[in-house]
Amino acid sequence: MTQANQETGTERVLVETGLGALEGFQRDGVRVFRGIPYAEPPVGERRFVAPQPPKPWAGVRDATEFGPSAPQPSLMMAALPGIDLGEQSEDCLYLNVFAPADGGSGRPVMVWIHGGGFVIGAGRQSIYDGSALVRRGDVVVVTVNYRLGALGFLDWGAGTDANAGLLDQVAALRWVREHIEAFGGDPDNVTIFGESAGGMSVGTLLGCPSARGLFRRAIAQSGACQSVHDAESSDLVGESMLATLGLSAPDATTLRALPLERLLFAQRQVTFESFGSVAGSSAALLPFQPVVDGHVLPSRPLDAVRQGASRDVALMVGTTRDEWRLFGVFDATLRNLDHAGLVSRLTSQLGGNAAAAERLAEAYRSTRPDADGSAVAIAIDSDRVFRIPAVRLAEAQSATGAPVYNYLFSWEATGFGGVLGACHAVDIPFVFDSFDVDFVSDLVGGGDEARALCETTMDAWLGFARSGDPSHAGTGDWVHYGAERATLELGRKVTLHRDPAGDERQLWDELI
């Protein structure tokens, strides 16, 4: 008996695609099709190469069960609510479709790219269930898997393809272009959205030539264009992987024959060893990420955006107010951090620029006179890693004439005594209305105010996907980013600000 039969209130539904028939299930006004292959399994000779188009199938393919998640090491963040991964396998290139039960056609399509630092996560996670968006907004939602870590984001050279994980995302978007009409979606009205590494993927796809024309709108949540390797930092990660694997040089045949467990073990070791090894760069935080390889990414995505690569794409981009609290609040190295320690830490992050570190530390302390060193460090890292890159993407895309909307999410999580504040990922339940997932409400909080913010957030995301304008009664007139740097705060109050924390933004522009 399949999972769909076991779930109460469901019935079987069929859809015909260009590749064959799919049988999913329908529940509470939503048709759900899980585990749809959008590429051939990237195994054997297809390990470390670009995804290949899927082959058609005969008969009816069962689409009631999720496909396997991409292989990933067990990391601390996997214990958070909604991070349910199920089976893992290199045969992982599957997507899931959520569509209104009444059929129809021409509906906006929202394609979700999950986060997880390019090393963990999956489209199947319960916190990303698209059903509530479908019911509220009459849209079609797609969630995708893509290859992670060394399997998807390492440039091995030697007869392999760089950026395989990014190319997986492009292949999924091509599948949407070719097949989403069968589910009632409009292939000419596709919005990509994602958070963290998913938001960074969105920013990167804006500058990826092979993705052009595959989406019309983009929402980058807590991620922008900054997380890409240059050739030098990519080579450093590759050399570390080879050394950990005990290999003297990359060889495609040898790499494809490596047991998965050995590869994941080496990936985990390199991840832990990389923190701080490339001071101040995104490589230190994310050793596995897209690389400017001259082909898939001919240039840095932000440079491509500045040159107009995505001038026809409407953009919404933003961050949470206290992004780094999720990572820093339990970091023992931040405890009892005095001014000298703060400057020393920041100097290392800025590649040895002690003068810039001193000025930033003083500026952030002056606007937070009651904050201790840990809180100041977290505020600086929240901006350094997330807010400033998001602002620079908003600036770059706005300069091309494209409509750009900027937000700041300020809802404070109530879990752990409130120490997380408006931390990284706190916005996800408000986008997907996933408060019924185990422990989400305990961590994030609930009640009437949370319900109201959830509705405001969902309607903004849905409105943007529908027409390119997120404004509605709950947001008021959400104007373009533009010269006044209009930024909508989404929190217990919904308020439009002009250049929030502008003095600190200007300081980053002056120094870095």
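Q: How far is the sulfur of cysteine 423 from the closest cysteine sulfur?
A: In this predicted model, the sulfur of cysteine 423 lies 16 Å from the closest cysteine sulfur, that of cysteine 454, which is too far for a bond. A disulfide is taken here as a pair of cysteine sulfur atoms within 2.5 Å.

Q: And cysteine 423, buried or exposed?
A: Cysteine 423 is buried, with a relative accessible area of 5%, where buried means under 20% relative accessible area, exposed over 50%, and partly exposed in between, using a 1.4 Å probe and protein chains only.

Q: How many disulfides in the whole structure, then?
A: A search of the whole structure finds 0 disulfides.

Q: Before we go on, what goes into these values, and how are residues numbered?
A: Residues are numbered from 1 along each chain as its sequence is written, and side-chain values use heavy atoms, with hydrogens and water left out. As the model is predicted, local features need pLDDT of at least 70 and side-chain atom pairs count only at pLDDT 80 or more, while totals for chains, interfaces and linings use all residues.

Q: Switching to helices, at what angle do α13 and α14 pack?
A: Helix α13 (residues 354-366) and helix α14 (residues 373-399) pack at about 110 degrees, with their axes 10 Å apart; axes are lines fitted to C-alpha atoms, for helices over the stretch in contact, and angles run from 0 to 180 degrees between N-to-C directions. The two helices, α13 and α14, are therefore roughly perpendicular to each other, given that angles under 35 degrees count as roughly parallel, over 145 as roughly antiparallel, 65 to 115 as roughly perpendicular and the rest as oblique. Helices (H or I, at least four residues) and strands (E, at least two) are DSSP runs, numbered from the N terminus.

Q: Which residues make that contact?
A: On α13 they are Leu360, Ala361, Tyr364 and Arg365, and on α14 they are Gly373, Val376, Ala379, Ile380 and Asp383, with contact meaning heavy atoms within 4.5 Å.

Q: How does α12 pack on α13?
A: Helix α12 (residues 339-349) and α13 pack at about 130 degrees, and their axes are 8 Å apart. That angle makes α12 oblique to α13. His339, Leu342, Val343, Leu346 and Thr347 of α12 meet a set of α13 residues including Leu360, Ala361 and Arg365.

Q: And α4 with α5, what's the geometry?
A: Helix α4 (residues 164-179) and helix α5 (residues 197-206) pack at about 75 degrees, with axes 11 Å apart, and α4 and α5 are therefore roughly perpendicular to each other. Leu166, Gln169, Val170 and Leu173 of α4 make the contact with Ser201, Thr204 and Leu205 of α5.

Q: Now the loops: where does alanine 39 sit, and what does it touch?
A: Alanine 39 is in the loop between β3 (30-37) and β4 (60-62), and it counts as buried at 5% relative accessibility. Not counting residues up to four places away in sequence, alanine 39 touches Pro51, Gln52, Pro53, Pro54 and Leu93.

Q: Aspartate 438, is that buried or exposed?
A: Aspartate 438 counts as exposed, at 58% relative accessibility, and is found in the loop between α15 (428-432) and α16 (440-444).
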